Amino acid sequence: MGDFELRGTATHTLKLQAMARAQQRHQQRLDGERLRTRRTQLGLTQAGLAEHLGVHANTVARMERGELRVTPRTWRQVSGLAVITGER
């Protein structure tokens, strides 16, 4: 394989990595929007949800803005809150 082919492969790999990061950021924003919607449906403030999750209110705000990933554990905890509040 010549130098040209190696550079082309490396460039292609970098583009794929950049696309994957962009997709991940987009998914984090969507998850953040879903979390905000669910929190407001439950009638909770960011501070109230943070207390239930055992995190700081700033952490909830960052998740809602898509700056932090909403983990599967967080989704399970939020689902548990729906049961506690009697909402389905």
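Biologist: Hi! What should I keep in mind about how this model is handled?

Modeller: It is a predicted model, so local features need pLDDT of at least 70 and side-chain atom pairs count only at pLDDT 80 or more, while totals for chains, interfaces and linings use all residues. Residues are numbered from 1 along each chain as its sequence is written, and side-chain values use heavy atoms, with hydrogens and water left out.

Biologist: Good. How many helices and strands are there?

Modeller: There are four helices and zero strands, giving the pattern α-α-α-α along the sequence. Helices here are DSSP runs of H or I with at least four residues, strands are E runs of at least two, and numbering starts at the N terminus.

Biologist: How much of the protein is buried?

Modeller: Of its 88 residues, 26% count as buried. Buried means under 20% relative accessible area, exposed means over 50%, and partly exposed is in between, with a 1.4 Å probe and protein chains only.

Biologist: Switching to helix pairs, what angle do α2 and α3 make?

Modeller: They pack at about 105°, and their axes are 8 Å apart. Axes are lines fitted to C-alpha atoms, for helices over the stretch in contact, and angles between N-to-C directions run from 0 to 180 degrees. The two helices are therefore roughly perpendicular to each other; that label covers 65 to 115 degrees, with under 35 roughly parallel, over 145 roughly antiparallel and the rest oblique.

Biologist: And which residues meet there?

Modeller: From α2 you have Gln46, Ala47, Leu49, Ala50 and Leu53, and from α3 Ala57, Val60, Ala61, Met63 and Glu64. A contact means heavy atoms within 4.5 Å.

Biologist: Which residues of α2 are buried?

Modeller: In α2, which spans residues 46-53, the buried ones are Gly48, Leu49, Ala50 and Leu53. Just after this helix, Gly54 has a positive phi of about 75°.

Biologist: Which residue pairs with Glu64 in a salt bridge at 2.5 Å?

Modeller: That would be Arg39, with 2.5 Å from N to O. A salt bridge here is a side-chain nitrogen of Lys or Arg within 4 Å of a carboxyl oxygen of Asp or Glu. Arg39 lies in helix α1 and Glu64 in helix α3 (residues 57-64), so the pair ties together parts that are 25 residues apart in sequence. Arg39 is buried as well, and Arg36 joins Arg39 and Glu64 in a network of salt bridges.

Biologist: Nice. How many salt bridges does the count come to?

Modeller: Five, by that rule. Among them is Asp31 with Arg34, where the closest N and O atoms are 3.4 Å apart. Both lie in helix α1 (residues 3-41), three residues apart, about one turn of the helix. Asp31 counts as buried, at 12% relative accessibility.

Biologist: What about Glu67, which residue does it bridge to?

Modeller: Glu67 bridges to Arg62, with the closest N and O atoms 3.3 Å apart. Glu67 is partly exposed at 41% relative accessibility, and Arg62 is partly exposed at 36%.
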